[in-house]
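Subject: Structure for you to look at

Hello,

Here is the model we talked about handing over. My notes on it follow below.

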Amino acid sequence: PPSLETTLHALPRLIQQRQEELDRREEELRKAEEAFSRETGKAYGDTKPNDVLHLNVGGTRCDTLRRTLCQIEGSMLASRFSGRWDDTIERDRDGNFFIDQETIERDRDGNFFIDQPYELFGPFLDFLRAGQNSTPGAPPVRAPPFDDEHALADFYRMVEYYGCTPGVYPTSIALHRGVPGGARFSPHPNLAVETDEWSTFALRTEGHSRDVVDEIELGRVERALVGWIRPNQFGTMIGEGDWRGVGEEGYSVALDCCRSFLLSDGNAHPIKSLGACGGAVIRCER
């Protein structure tokens, strides 16, 4: 092995080599960041969340902020008004606008054209605005009400078309059976619940009849029943009591995840090799 004197003599050169390597990597990272910024600029242009967008909604003019329309992340509405497609309007050989699904229509004055009745899109826009102005102490923002069932059905179709249904009618989780105050909830979009007491929690959508089709990931659990109930029959029971869980009485069915049983109307049917406890994912498919 080299002597201590040899090692100390070589140390400055080694440090210099390491420093040069770090400088080289830092320069590569700087160039990569610059390239990413250039590509982002090409894709989205000089757009900002506080840009004022001028809209023509079915013939009615209105204005809103870009961040308002992009509020529901992952939606088609947010994608279309992100700024990426603002200036991608093409024309055919006669000068007419040629529209594909990755462009945004404009009227003759240059306003973004939204081919929806203002009676539907206007309340939707107000809902998005209310979400932008929401504060922790304010009442929760609710989906706009409609007295006419046909108008409500049309509103459902419109928000579904824009990919905004989960943002307008989010899935919520609430105590269905058990002692109040003993659970800790995390809100939409990352729903979660923690409790030290035997309790039943229900997933539901407020103001919408769509099915809750999703997946549930189990954390650290002693026993977990995941299933389905008939709401008008499997009643809500809040307070102290020896309440039965899902599948342990009529009008309900559940997987007893940790004990490998299918519970149906109070009857237990063994399932081989289920054993789904902490870390398991239960997916509902229809």
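Ser 260 counts as buried, because its relative accessibility is 17% and buried means under 20% relative accessible area, with exposed being over 50% and partly exposed in between (1.4 Å probe, protein chains only). Ser 260 sits in the loop between β13 and β14. Its phi is near 60 degrees, a positive value in a residue other than glycine.

On provenance: this is a predicted model, in which local features need pLDDT of at least 70 and side-chain atom pairs count only at pLDDT 80 or more, while totals for chains, interfaces and linings use all residues. Residues are numbered from 1 along each chain as its sequence is written, and side-chain values use heavy atoms, with hydrogens and water left out.

Asp 265 also has a positive phi, of about 50 degrees, although it is not a glycine. Asp 265 lies in the loop between β14 and β15, and this hairpin has 2 residues between its strands. At 45% relative accessibility, Asp 265 counts as partly exposed.

The protein chain as a whole has 6 helices and 16 strands. Both are DSSP runs numbered from the N terminus (helices: H or I, at least four residues; strands: E, at least two). Of the 286 residues in the protein chain, 26% are buried. Among contacts between residues at least 6 apart in sequence, 52% join residues at least 24 apart, where contact means heavy atoms within 4.5 Å.

Next, the sheets. Two strands are taken to pair if DSSP finds at least two bridges between them. Which strands make up the antiparallel open sheet of 4 strands? The order is β11-β13-β14-β15. β11 (225-229) and β15 (267-270) stand at the edges with a single partner strand each, so one side of each is left without a neighbour in the sheet. On average, neighbouring strands of this sheet are turned by 20 degrees against each other, direction ignored; axes are lines fitted to C-alpha atoms, for helices over the stretch in contact, and angles run from 0 to 180 degrees between N-to-C directions.

Within that sheet, β11 and β13 (residues 252-256) run antiparallel and are joined by 5 bridges. Val 226 has Leu 255 in β13 as its bridge partner. β14 (residues 261-264) pairs with β15 in the antiparallel sense over 4 bridges, and Leu 263 stands opposite Ala 268 in β15.

An open sheet of 3 strands has the order β9-β6-β12, with mixed pairing. Its edges are β9 (200-205) and β12 (237-238), each with a single partner strand, so one side of each has no neighbour in the sheet. β6 and β12 run parallel and are joined by 2 bridges; Arg 177 stands opposite Met 237 in β12.

Last, the second largest pocket, with a volume of about 920 Å³. Of its 29 lining residues, the closest to the centre are Val 141, Pro 166, Gly 167, Pro 170 and His 188. The elements that give two or more residues to the lining are α4 (118-132), α6 (165-168), β6 (171-178) and β7 (183-186). A pocket here is an open set of points on a 1 Å grid over the protein atoms alone, where a 1.4 Å probe fits, with protein on both sides within 12 Å along at least five of seven lines; lining residues have an atom within 4 Å of a point. The volume is the space filled by probe spheres set on the points.

Regards
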